[in-house]
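Look over the sequence and the model first.

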2 protein chains.
Amino acid sequence: MNSSALHPFDTLTPEEIELGVQILKTAFPGVPLRFKRIDVLEPRKRDVIPYLEAERLGRPLPQKPARLLYSYFHRMDTRGFFKAVLNADTKRPVYITELPKNVQGPADVDELVEIEEACMKHPAVQAEIEKMKLPAGYTVCNDPWIYGTDSDNESRRLAQCYMYIIEVDHPQSNHYSLPCAFSPVFDQVTKELIRIDYLPTGSDSKTQPTQPWKPVKCIQYAHDLLDEPTRTDLKPYIVRQPEGPSFAVNGQEVSWQKWRFRVGFNNREGLVLYNLTFDGRQTFYRLSMSEMTVPYGDPRKPYHRKQAFDAGDVGFGITANQLALGCDCLGHIKYFDGYRTDSRGNPVLLKNVICMHEQDNGIQHKHTNYRNNAATVVRNRELVLQMVCTVSNYEYVLAWILDQAGHIEHEVRATGILSTMPIDNQDGLKVPWGTNVGPGVMAAYHQHLFSLRIDPSVDGHNNTLIYEDSVPMPVDEELNPYGMGYTVERTVLDVAGHADLSVEKNRTFKIINESVINPISLKPVAWKLQLAPSQMLIMGPGSFARKRAAFAEHAVWVTRYQDDELYAAGEFTNQSTHDTGLGVWGSRGDSTRNTDIVLWHTFGLTHNPRPEDFPVMPAERISVMLKPDGFFTKNPALDVPASSQSFNRSTLHQDTHKEAQRESCCVTKSML
Amino acid sequence: MNSSALHPFDTLTPEEIELGVQILKTAFPGVPLRFKRIDVLEPRKRDVIPYLEAERLGRPLPQKPARLLYSYFHRMDTRGFFKAVLNADTKRPVYITELPKNVQGPADVDELVEIEEACMKHPAVQAEIEKMKLPAGYTVCNDPWIYGTDSDNESRRLAQCYMYIIEVDHPQSNHYSLPCAFSPVFDQVTKELIRIDYLPTGSDSKTQPTQPWKPVKCIQYAHDLLDEPTRTDLKPYIVRQPEGPSFAVNGQEVSWQKWRFRVGFNNREGLVLYNLTFDGRQTFYRLSMSEMTVPYGDPRKPYHRKQAFDAGDVGFGITANQLALGCDCLGHIKYFDGYRTDSRGNPVLLKNVICMHEQDNGIQHKHTNYRNNAATVVRNRELVLQMVCTVSNYEYVLAWILDQAGHIEHEVRATGILSTMPIDNQDGLKVPWGTNVGPGVMAAYHQHLFSLRIDPSVDGHNNTLIYEDSVPMPVDEELNPYGMGYTVERTVLDVAGHADLSVEKNRTFKIINESVINPISLKPVAWKLQLAPSQMLIMGPGSFARKRAAFAEHAVWVTRYQDDELYAAGEFTNQSTHDTGLGVWGSRGDSTRNTDIVLWHTFGLTHNPRPEDFPVMPAERISVMLKPDGFFTKNPALDVPASSQSFNRSTLHQDTHKEAQRESCCVTKSML
């Protein structure tokens, strides 16, 4: 498809990947190139707004902004690392620039495979494996890990390979249950072994040479490999929408229950929502999961470098699972696809990486007039857009959920397998920074700190961020004689920067448009952030964890909008030594009052693992909401039809004779 | 049914109401009695435990504990207020005692109707209504409100009647949109008018005599009365369980997915869960919503007395809605009933007050081996037990949700109609303690503070409450050279009392059994409270709000178990002047280590209303979870069958030709 036929927010096409490769090969004739990424470059906001406004108001469409692509790639002759911006309309580069030696691009899929292979084949690694004297049938694999940072002077692109034992030849044998106590470090560009790190297995930092493995039981998760039988008492639960879904899809544009928006997808952030309007009014320009950092609390070498930035170091888009009907999603499902490049520049289809469906979420509103029992009940239908990202051992289920009352929820579920460490399987041995989750296997305490990027357009692009604290009013003989009064204290965040939580004061952050006054509340129209109160980064003030992730030190940030400022920890996080994102943009002194602002919310989990989180973790849910707060003049879901049996067709449970007379140690009988 | 056939946790029967009435009438021959409540008295724990253990272990059942009832009633001759405890087995009173003059029992349904009627008929009230000179067709009603407290010397039983205008003769005309500016106070026993309070309608405390009403538009919520048409684009969403539900019910005992428990119901707390076991192991003895207080932040008289205790002043049981199939509940629904007495001692059936059904809640766990894309996905089936309580204007949807991985969630949804105040409909008039939600109507800031009572039996009844803070480890050249380590600091709550939140430290409360060590984690078995971080009571330290609701000052309380200590603010909250609950029990100095303890969690909403919360409020959700944390040796949901299309039967969305070519202001076309 010709780029000119695309909407400015449309996802990368395979033809665009081919075009990008062709432009770059033309720019470097005869030079072998290794492609890390080709993707659409976010259009400049000032260029796209007139187009969106014409769409919204049904006016003739102006010219589209230029369709730009960007690429990260290596020259394999000089090993230089480059960034290019390309114009897909003119088919010419905008710029191509070599990046400084200490800048590392994100991991890519081919690289992971290559490093795993290089590691497994290396004689020194094979020699270590030999030393373990594994029983017949046991094999070894490795997860190449982001190297992390403990120095300002590392310019090699490195991988820390964590080694694991595979108990059984099965595609889901849980190697994370059987970690080895050595970890080779490879240069990812030269594929050279740098050294082998030995891992501490006691309660201190001491290490020893590789020993024969003392067999322990592998804790498996795959149904085929479980000791216990599968439960047989779970009955099917089927969702039917005989008249089809309530949404309409046109390309990447979705209309549902007064909402209209565009579904975006890119290699780094995965799912993005663009240009959300409700009943024709502007609400948010762009919503995305901007970054996440996962620092580990095991203080010992080499674990002190375990700090992943799952969006910046890898990418939620390239790790998004190909979702399967009836497995990942229940009900009537619409899927969206994406594309990435492989290292040779071939387009790779990312099939079904986003699913969209409706769900019922209980009661939305109800009132019963107690005098006559006349009741109004409206159920809460939601629209869910979801992706599931596998970052090595771990899974994130990231979902945007819209409802009929104008609420927008972002829900994160953390699942998958804990990143594990070996620990001697001795009586009573445990460590104060982790949990033993199986014999010989420990999972260190760690955090997941997300940065949700919220680019608002509350009745236009000139918005302001405020917060309100709920505080007691002073006792006053006339007005507040009994000390029962309370009110809110309002603070305007009129300069770029950050703010902290205060659960004690119910601190509430609101995006307001000071030029539009709600005729009922008589206050500026507003959206409220219902945040997820979370512990911020625990690691000490001088640590690289903090230097690299300034965003993870404060719950709320506000910046003045600038093109290309999309990622909370900066563009390049892999082996970064310092933050080039919010820490910089939040300190520029930009005015953020009545202008185009961006709100960033840091939230997450301090995850001190439970044994129950192993071998695969029951999803831990955390969620954030955006809610209109004086944006509408009344509940915008009043016109949702009343809940009724003719529409919902529920089934009444009848206590069966068999059940009532069933053998039981309990003598209770039906009461009535 | 004979009491002796009942399980100790079975709900009150109509025969027991009749028996209770008969015992009391025999005790007071010829005396007219007015019954406020007859209900089952919680059995003494030491008497019931041997019975439960015999049940759990399949041993011969010992003698049941005595079946006891309790009653609150008035002698109508002396107007004395009494409490009686009755033995249903022997059909004799255990004790009958007159309560002090300043103790007021809860409101009852008949009383509300009587006071509303007495108020409407009173000539002085009629005279005030006359003064409003309402247009033809408009009428007036009132909600008798709990009087609250502003003095230590009030021994009359009072009602504050808030008056409202009914715009149209329809059972759901929203009178809360049209509040009047006068409020009669009645003696609920004598039915005498005490005085008429006038309500301030400006931004200060000034009041004036009743004026002719200046007509404003009533904001209606009922579908019949809306200006706008009902949405037509919502398509049916039907849940089918062709093989029936996964639960089995035997009387009030429920078995579902390794859980077994008993569903209880009483007039005060409504839904209670008893004796929860998972895979045969004890977890919790009793789970209940113990109390809730709703103080209002409008400082002015008479609003300074607006502080309801919805469980203690009224009762979640007696206000529970009769749920309707397909309206309140979607899917395959089992209902449970309850009973209450009317004021004359007649049993009243509370039909379908609890609903139970399964729901699908997305992904429970997933892992994909990125090397081969082999994935294990298990969906999260949940069992929901729910009631909806209407306390005058407001609704609470209170639900216990169990899942297959041993999680227990308590979810509160606040919906219904805001308690409103009149405000002059003048340009620009607003107040700093409330939100204008319609013309001439203001909703004051207020809080909802719940106390969830958690009576644990983690592998037995001797448990201990601890909390753990996640804190950085000191930098140490050898062990923690880079300052990345973190660990937990543990505090044992070994004496009854309270503790506060610390989001900053991810403070985590755990119920542990120090006598049972988890063989994997090597730590005592534990359950974690995943709490809802909430602002505590805002009102000033000297205020009656605080004196009456000590529980609302701290997020977590622990007490040593005592029979009859069930309600966080004490047994009698109506017009109470001081707390007789946690404030007392938490100060007794009881040892709470390795003994029978009770954990209480205070959480809630600071609700500064939005215009969107009117005329009926989109449900505000808040939830708390109990999670095993080293109770099991691994994820207890591993044996749940894998999610599959043959089981789930989802439907793939096909983009229709019509949709793809649909007229749109947007030129985007399908990409692939």
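Arg67(A) and Glu16(A) are both buried. Their side chains form a salt bridge, with the closest N and O atoms 2.6 Å apart. The pair links distant parts of the chain. Arg67(A) sits in the loop between helix H2 (45–57) and strand S2 (68–75) of chain A. Glu16(A) belongs to helix H1 (residues 14–27), and the two partners are 51 residues apart. The model is predicted.

Side chains of opposite charge can pair when their charged atoms come close. A search of the whole structure returns 104 salt bridges over all chains.

| Pair | N to O distance |
|---|---|
| Arg67(A) and Glu16(A) | 2.6 Å |
| Lys351(A) and Asp337(A) | 3.7 Å |
| Glu620(B) and Lys627(A) | 3.4 Å |

Take Lys351(A) and Asp337(A), which meet in a salt bridge. Lys351(A) lies in strand S17 (residues 347–369) of chain A and Asp337(A) in strand S16 (residues 332–341) of chain A, so the bridge ties together parts 14 residues apart in sequence. Lys351(A) has a relative accessible area of 38%, so it counts as partly exposed. Asp337(A) is at 15%, and therefore counts as buried.

The salt bridge of Glu620(B) with Lys627(A) crosses between chains. Glu620(B) is in strand S32 (residues 617–628) of chain B. Lys627(A) is in strand S32 (residues 620–628) of chain A. Both Glu620(B) and Lys627(A) are buried.

Salt bridges also join into a network. Its members are Arg34(A), Lys36(A), Asp108(A), Glu111(A), Glu114(A), Arg157(A) and Lys191(A).

Which residues form a positive surface patch? They are Arg240(A), Arg649(A), Arg240(B) and Arg649(B). Of these, Arg240(B) is located in strand S9 (residues 238–240) of chain B. Arg240(B) is partly exposed, at 36% relative accessibility.

Next come single residues and their contacts.

Is Ser451(A) buried or exposed? Ser451(A) is buried, because its relative accessibility is 0% and the cut-off for buried is under 20%. Ser451(A) is part of strand S24 (residues 446–456) of chain A. Its contacts include Ser288(A), Glu291(A), Phe551(A), Leu582(A), Trp600(A) and His601(A).

Ile165(A) belongs to strand S6 (residues 158–166) of chain A. Ile165(A) is buried too, with a relative accessible area of 0%. Among the residues touching Ile165(A) are Met132(A), Leu134(A), Tyr138(A), His175(A), Cys180(A) and Trp213(A). Ile165(A) and Trp213(A) are 48 residues apart along the chain, with 9.8 Å between their C-alpha atoms.

Thr341(B) is found in strand S16 (residues 332–341) of chain B. Thr341(B) is buried at 5% relative accessible area. It is in contact with Ile17(B), Phe35(B), Lys36(B), Arg37(B), Ile38(B), Asn346(B) and Val348(B).

Asp204(A) lies in the loop between strand S8 (193–198) and strand S9 (238–240) of chain A. Asp204(A) is partly exposed, at 27% relative accessibility. Asp204(A) contacts Arg300(A) and Leu479(B). From Asp204(A) to Thr651(A) the C-alpha distance is 59 Å, with the two residues 447 apart in sequence.

Notes
Residues numbered from 1 in each chain as written. Chains lettered and ligands numbered in written order. Predicted model: local features only at pLDDT ≥ 70, side-chain atom pairs only at ≥ 80, totals over all residues. Heavy atoms only, no water. Patch = residues over 30% accessible without salt bridge, like charges linked within 9 Å, V, L, I, M, F, W, Y side chains within 5 Å. Areas by Shrake-Rupley, 256 points an atom, 1.4 Å probe, with all protein chains shown as cover. Salt bridge = Lys/Arg side-chain N within 4 Å of Asp/Glu carboxyl O. Lys, Arg positive; Asp, Glu negative; His and termini not counted. Charge placed at Lys NZ, Arg CZ, Asp CG, Glu CD. Helix = DSSP H or I, 4+ residues; strand = E, 2+ residues; numbered from the N terminus. Buried < 20%, exposed > 50% of the residue type's maximum accessible area, 1.4 Å probe, protein only. Contact = heavy atoms within 4.5 Å. Lists of a residue's contacts leave out its neighbours within four places in sequence.
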